Amino acid sequence: MPGGRLTQEDRRLIATWLKDGLGYAEIGRRLGRPTSTISREVARNSGRSGYRAEEATRVTGERARRGKPRPRAVPVVENGYGRDPEAVRAFETEFAEMIVATGLPRMTARLLACLSVSDDGVLTAAELAQRLQVSPASVSNAVAYLEAQAMLRRERDGRRERYVIDEEMPQRVWDESVRSNQEWVRIARRGAEVLGTSTPAGARMDDLSRFHARINEIMLDDRVAVFAGDALTVLAALLHADRALSVPALAGALEWAPDRVAAALLVVEEHPHIAGPVRVDCRDGLYRAVALVERLTVGQLAALRS
């Protein structure tokens with residue numbers, strides 16, 4: 001019953017709904033339980049192969065026979081923000097589960113989530129071990145993995161070592177992704193040469209090298225990386241204005257330098273996938289956002305005009 005202990009049937013439903021991709025909040029609503037109850041159940045009773053009802057029931061029974069466990073250490077939530085600690089803990093668990101789904105090991109995902117929800121983004125090995133209730137060796141292994149992926153960095157604080165997630169982390173991860181993609185290009189081209197492009201395997205390698213080479217071109221285009229956000233802002237401005245505007249007029253309205261507006265418009269022109277179902281037309285130095293009606297059928301257009 002709601003508020004009581006989870007039953008075998010509850011756990012079976014939780015396992016089924018997790019496989020279906022439901023979040024903790026939705027599972028809690030279906031069972032009439034708090035979200036924190038579901039997130040805590042999954043965090044405490046998941047094994048290497050994920051959450052299984054039978055295994056969760058067995059582990060819970062063994063824990064009960066051993067007697068009441070010590071209260072688990074919980075993530076320290078910095079004061080001054082008025083947050084709900086229970087909601088923060090539930091989000092941290094949900095965040096970690098999302099990271100696991102992308103392919104990272106569970107311990108690594110938990111450590112990354114723990115660091116990410118810390119306002120400073122800085123924790124020592126001892127603090128991480130305490131928050132996660134794991135051994136220092138587990139922390140060390142997870143840190144080594146994340147450092148190799150450029151997702152965190154180490155710094156010394158006297159005799160202690162601290163692990164940091166800072167504002168430069170996304171750029172480091174991006175640079176590492178570019179390097180990794182270049183390796184795909186190199187090895188696939190080498191495979192095409194060895195196997196011969198006239199053979200099925202060699203042609204496959206050649207296609208793979210061309211695919212990653214195209215990705216590499218896009219990733220190395222600084223205008224896309226820097227001005228994609230600006231491009232969407234300019235599109236929003238043109239749509240809101242609902243009239244043609246010059247670069248100086250847009251720059252004045254947005255309080256930007258004209259060069260920044262021009263660079264954003266160039267990205268929209270060269271990478272139309274950013275604009276989605278909108279294109280920008282230019283005539284006599286004036287820019288207008290126009291809907292791509294080509295995506296609509298004649299019948300749809302007629303219905304929208306009526």
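Predicted model: local features only at pLDDT ≥ 70, side-chain atom pairs only at ≥ 80, totals over all residues.

Let me start with the second largest pocket, whose lining takes at least two residues from each of helix H1 (8-19), strand S2 (50-51) and helix H5 (85-101). Residues are numbered from 1 along each chain as its sequence is written, and side-chain values use heavy atoms, with hydrogens and water left out. Helices (H or I, at least four residues) and strands (E, at least two) are DSSP runs, numbered from the N terminus.

A pocket here is an open set of points on a 1 Å grid over the protein atoms alone, where a 1.4 Å probe fits, with protein on both sides within 12 Å along at least five of seven lines, and lining residues have an atom within 4 Å of a point. This one has a volume of about 330 Å³, the volume being the space filled by probe spheres set on the points, which are joined across faces, edges and corners. Of its 17 lining residues, Leu 18, Lys 19, Tyr 24, Val 42 and Glu 97 lie nearest the centre, and H5 gives the most, with 5 residues.

Turning to the sheet, three strands form an open arrangement in the order S6-S8-S7, with antiparallel pairing. Strand S6 (245-246) and strand S7 (278-283) are at the edges with a single partner strand each, so one side of each has no neighbour in the sheet. Pairing requires at least two DSSP bridges between two strands; S6 and strand S8 (residues 286-291) have 2, with Leu 245 partnered by Tyr 287, whereas 6 bridges join S7 to S8. In the hairpin of S7 and S8, with 2 residues between the strands, Asp 284 takes a positive phi near 55 degrees.

Finally, which residues touch the most other members of the largest nonpolar core? Among its 23 residues they are Leu 111, Leu 115, Leu 128, Val 139 and Leu 152, where a core is a set of buried Ala, Val, Leu, Ile, Met, Phe, Trp, Tyr and Cys residues joined through side-chain atoms within 4.5 Å, and buried means under 20% relative accessible area (1.4 Å probe, protein chains only). H5, helix H6 (106-116), helix H7 (125-132) and helix H8 (136-148) each give this core two or more residues, and the largest share, 6 residues, comes from H6. Apart from this core lies another, of 20 residues, among them Val 234 and Ala 264.

Key
Buried < 20%, exposed > 50% of the residue type's maximum accessible area, 1.4 Å probe, protein only.
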